[in-house]
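This report describes one protein chain for a reader who is new to structures. Please look over the sequence and the model before reading on.

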Amino acid sequence: MYRKKKTVAMLLAGGQGSRLGVLTTRRAKPAVTYGGKYRIIDFPLSNCVHSGIDTVGVLTQYQPLELNTYIGTGSPWDLDTTSGGAFVLPPFVKGKGGKWYSGTANAIYQNTYFIDQFNPDTLIVLSGDHIYKMNYNWLIQAHLEKQADATIAVIPVPIEEASRYGIMNTDKNMRIKEFEEKPEHPKNNLASMGVYAFNWPTLREYLAEDAKDDHSTNDFGSDIIPTMLKNDCKLYAYEFKGYWKDVGTIRSLWESNMELLQDKPPLNLYDDPWRIFSRNPNEPPHFISKDAHVRNSIISEGCYIYGTVENSILSSGITVEKGAVIRDSIIMSDVYVGEKSSVEMSIIDEDVHIGKACTIGAPQNESGKIAVIGKRVVIKNKETITAGTQVDAESILSEARKSIQGNEKENRKRKEKGGAK
């Protein structure tokens, strides 16, 4: 039994992130690289540390290996203490069997025993797939001052985009009167950030009741929040005024990374008092040759640049050979770009090998579409990957198998014809 905590955070990090396409074929969305040296999950974890929350449950489910390995003991975020720490919490087998988390609320419910060990007054529930810097103490303070049962962080979004989010309709005191999940015709633009503060004893009761309902989707937005509103619980919205980005699509991930290259980026990664912590790859310093050309780019450790890099973000361990050009692109770690190859407006995942004289994507002003190459793909010499195309290793293997099977079929036909003679 651990000592009592005023606040415990539960970080929902098990999402598949299907809108990110081949980038999440083999990893959970929170493990996707961002800004050269970070993963998306680094942001809520760092926010917890800066907010003085030292006990964080990380709920994993979909493709958890990379994320589990990355989090480890939590030491990069100073979350390896004996009185708390970062706890990876996958679905597990119980006495009468086990099952996958069936929704965000069910994920918390299945870990009730874990939370009860710390007997918190307030439970913070966080999404693991957003980019933002936030002091959760401001949210908690507003939550306690209003003696709320739940407080939901919201941010104004363009009204034309509001139908993509859960929208909070409030009175003048920011008390929530109505919650609309992705409404076709939103009444306002206060979107849920996926950051909740709950009175734990109250939430515990609602989770237990929700688990008994066979018709429930076991989700906070669809079930728990509407039920609490129906029962006249005190739910308030807390308006956040900083930078926040849902990077759940290829376009939004690319745009958020490109914003880091502005003269005054909306998200400051060089803010020492609120540093974003990450697991260091321990690579040597990057090297830029005398014939290379680098402009307006972020270059991480262990890169060897002999070609041209413009308006791009490069993670660690990347080699750009002579005559190769990278523009308006995100290149994740351990990628090789061969001589005279061109990579434009693309996202290249980890461990990709691009051969000589290849063409990936197209200039930004031609189509505006983003080419995406999945993890461990090998692009042969002189190959062309058109703008907007997504390629992963499985699709390449599948095509190779089809080719092999086709050749075998032709060989059998030839043998049969030869035998008939």
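## Basis of the report

This is a predicted model, in which local features need pLDDT of at least 70 and side-chain atom pairs count only at pLDDT 80 or more, while totals for chains, interfaces and linings use all residues. Residues are numbered from 1 along each chain as its sequence is written, and side-chain values use heavy atoms, with hydrogens and water left out.

## The whole chain

The protein chain holds nine helices and 31 strands. Helices (H or I, at least four residues) and strands (E, at least two) are DSSP runs, numbered from the N terminus. Along the principal axes, the C-alpha atoms fill a box of roughly 80 × 65 × 50 Å.

Of the 421 residues, 53% are buried. Buried means under 20% relative accessible area, exposed over 50%, and partly exposed in between (1.4 Å probe, protein chains only). Among contacts (heavy atoms within 4.5 Å) between residues at least 6 apart in sequence, 58% join residues at least 24 apart.

## Two open sheets

Strands of a sheet pair through backbone hydrogen bonds, either parallel or antiparallel. Here, two strands count as paired if DSSP finds at least two bridges between them. β14 is joined to β17 (residues 304-305) by two bridges in the parallel sense, and Phe287 stands opposite Tyr304 in β17.

Another open sheet of six strands runs β15-β18-β21-β24-β27-β30, with parallel pairing. β15 (293-295) and β30 (384-385) each have a single partner strand, so one side of each is left without a neighbour in the sheet. Within this sheet, three bridges pair β18 (residues 308-310) with β21 (residues 325-327) in the parallel sense. Thr308 stands opposite Val325 in β21.

## Two loop residues

Most residues other than glycine have a negative phi. Asn311, in the loop between β18 and β19 (313-314), has a positive phi near 50°. Lys382 also has a positive phi, near 65°, and lies in the loop between β29 and β30. Lys382 is exposed, with a relative accessible area of 69%.

## Ile115

Ile115 belongs to helix α4 (residues 112-116). Ile115 counts as buried because its relative accessibility is 0%. Leaving aside residues up to four places away in sequence, Ile115 touches Met10, Ile108, Pro120, Leu123 and Trp200.

## The second largest pocket

The second largest pocket has a volume of about 380 Å³. On a 1 Å grid over the protein atoms alone, a pocket is an open set of points where a 1.4 Å probe fits, with protein on both sides within 12 Å along at least five of seven lines; lining residues have an atom within 4 Å of a point. Grid points are joined across faces, edges and corners, and the volume is the space filled by probe spheres set on the points.

The lining has 19 residues, of which Arg39, Pro281, Ser316, Ser333 and Glu350 lie nearest the centre of the pocket. β3 (38-39) and α2 (65-71) are the elements that give two or more residues, and α2 gives the largest share, three residues. By class, three lining residues are nonpolar, six polar and 10 charged. Ala, Val, Leu, Ile, Met, Phe, Trp, Tyr, Cys and Pro count as nonpolar, Asp, Glu, Lys and Arg as charged, and the others, Gly among them, as polar.
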